[in-house]
Amino acid sequence: IPAIKSKGDWLNLMQFEHQMTSAVEKLSESVVNISSLRLKQDLRFGLVPLEGAGSGIIVSSQGNIVTNNHVIDNASQVHVTLKDGRSFVGDVIGGDQFTDIALVKIKAENLPVAELGDSENLKVGQIAIAAGNALGLPGAPTISTGVISALNRPLSGAHFIFEGLLQTDASINPGNSGGPLSDLNGHVIGINTAMIPSAQGVGFAIPVNTVKNVISQLSIHGRVIRPWIGISGLSITSSISRKYDLYSDHGVLIIETSYGSPAYESGLRNGDIITAINDNSVSSMNDLILALSKFKIGENVNVSLIRMNKRYESSIKLIENASIP
């Protein structure tokens, strides 16, 4: 808190406090508690019920709620409790394990809806507000504040293919998963997804622009449709490039091209190095996946590649990856 040296400083502080409390009030109305029940097979006791808890955000007045996929994954029962105390059985519309986002539906109307913001132009140092049912405590959501500590963070050891996470020092505790991270206007800029237990002030959220894309697909298809070109590849590093005497120290080395796949039909072959998709530079497999995720099934993308120290361009028509459920 800055030192107060004048009446103007005091007024500025009061305005900031009012903006903060208004954002919290706006945000809290749309935060829900999600409890799940899983049945685990135990050799001694048979089926053993395991309870879990997390948070969610109301994204439509008709009962659509977004949360983390790991909150409801493999759950036999899902219960949603609103801020006003009402409880509902939730139906899982769909979940995406690769972005850790899921959509749940409850039979309710005229619900307070969270306002989804824009995560494209966030800045490091920007104030962030995290809300959620920390530790499963009863009552209104727990609020914590901090800043955006970093952008486009990978999460080591995660099961996501998505790497562009928001890092924040706002406290994220067990039970916060699926809750919102917002700006000072109460606009949701991310979905809290993970914390590092061995660290202090290191939490992660999924950018809301990714969330909007995924829940749109889940609401229509019940799943996320991802483009496929039909290759297996290896992320090139400087050491790999030196070891195998490659012609580039970055990109994706094609290890296998599936016969008849879009990549094969476009002339890509084993040993080629992909360096870009349209205007998106590719330095790793994750870069390649992220670049392809920006396009729709049926679109053509330009692929920049290196073959025997010569640069080539090719065009690939994207099809759906039918192997991902």
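Me: Two strands count as paired if DSSP finds at least two bridges between them. With that in mind, how many bridges join S19 to S20?
Reply: Eight bridges join S19 to S20, and the two strands run antiparallel. Please note that this is a predicted model.

Me: Which residue stands opposite Lys 310 of S20?
Reply: Arg 307 stands opposite Lys 310.

Me: And how many residues lie between S19 and S20 in their hairpin?
Reply: The hairpin has two residues between its strands. Met 308 is in the turn, with a positive phi of about 50°, although Met 308 is not a glycine. Its place is the loop between strand S19 (300–307) and strand S20 (310–317).

Me: Is Met 308 buried or exposed?
Reply: Met 308 is exposed, with a relative accessible area of 61%.

Me: Back to S19, then. How many bridges join it to S17?
Reply: Four bridges join S19 to strand S17 (residues 273–277), and this pair runs antiparallel. Within that pairing, Leu 305 of S19 is the bridge partner of Ile 274.

Me: How many salt bridges does a search of the whole structure find?
Reply: The search finds six. Another one of them is formed by the side chains of Asp 96 and Arg 226, at 2.7 Å from N to O. Asp 96 lies in strand S6 and Arg 226 in the loop between helix H3 (208–221) and S14, so this pair ties together parts that are 130 residues apart in sequence.

Me: Are those two residues buried or exposed?
Reply: Asp 96 counts as buried at 4% relative accessibility, and Arg 226 counts as buried at 13%.

Me: What about the salt bridge of Asp 84?
Reply: Asp 84 forms a salt bridge with Arg 86, and the closest N and O atoms are 3.0 Å apart. Asp 84 counts as exposed at 51% relative accessibility, whereas Arg 86 counts as partly exposed at 40%.

Me: What is the phi of Asn 110?
Reply: Asn 110 has a positive phi of about 55°, although it is not a glycine. It lies in the loop between strand S7 (101–105) and strand S8 (127–132), and it counts as exposed at 69% relative accessibility.

Me: Let us turn to helices. Which residues of H6 are buried?
Reply: In helix H6 (residues 285–293), the buried residues include Leu 288, Ala 291 and Leu 292. They are on the same side of H6, because they cover an arc of only 95° around the axis.

Me: What covers the buried residues of H6?
Reply: The cover includes strand S14 (227–228), strand S15 (231–235), strand S16 (252–257), S17, strand S18 (280–281) and S19.

Me: Which residues form the nonpolar surface patch?
Reply: Trp 10, Leu 11 and Met 14 form a nonpolar patch on the surface, with about 300 Å² of accessible area together. Met 14 is found in helix H1 (residues 7–28) and is partly exposed, with a relative accessible area of 37%.

Me: Finally, the whole chain. How many helices and strands does the chain have?
Reply: The chain has six helices and 21 strands. Of its 325 residues, 43% count as buried. The accessible surface comes to about 17000 Å², and 51% of that belongs to carbon and sulfur atoms. Among the contacts with a separation of 6 or more, residues 24 or more positions apart account for 59%.

Terms used. Residues are numbered from 1 along each chain as its sequence is written. This is a predicted model: local features need pLDDT of at least 70, side-chain atom pairs count only at pLDDT 80 or more; totals for chains, interfaces and linings use all residues. Side-chain values use heavy atoms; hydrogens and water are left out. Patches are made of residues with over 30% relative accessible area and no salt bridge: like charges are joined within 9 Å, nonpolar side chains (Val, Leu, Ile, Met, Phe, Trp, Tyr) within 5 Å. Accessible areas come from the Shrake-Rupley method with a 1.4 Å probe; for residues, only the protein chains shown count as cover. A salt bridge is a side-chain nitrogen of Lys or Arg within 4 Å of a carboxyl oxygen of Asp or Glu. Buried means under 20% relative accessible area, exposed over 50%, partly exposed in between (1.4 Å probe, protein chains only). The arc is that of the directions from the helix axis to the C-beta atoms. Contact means heavy atoms within 4.5 Å.
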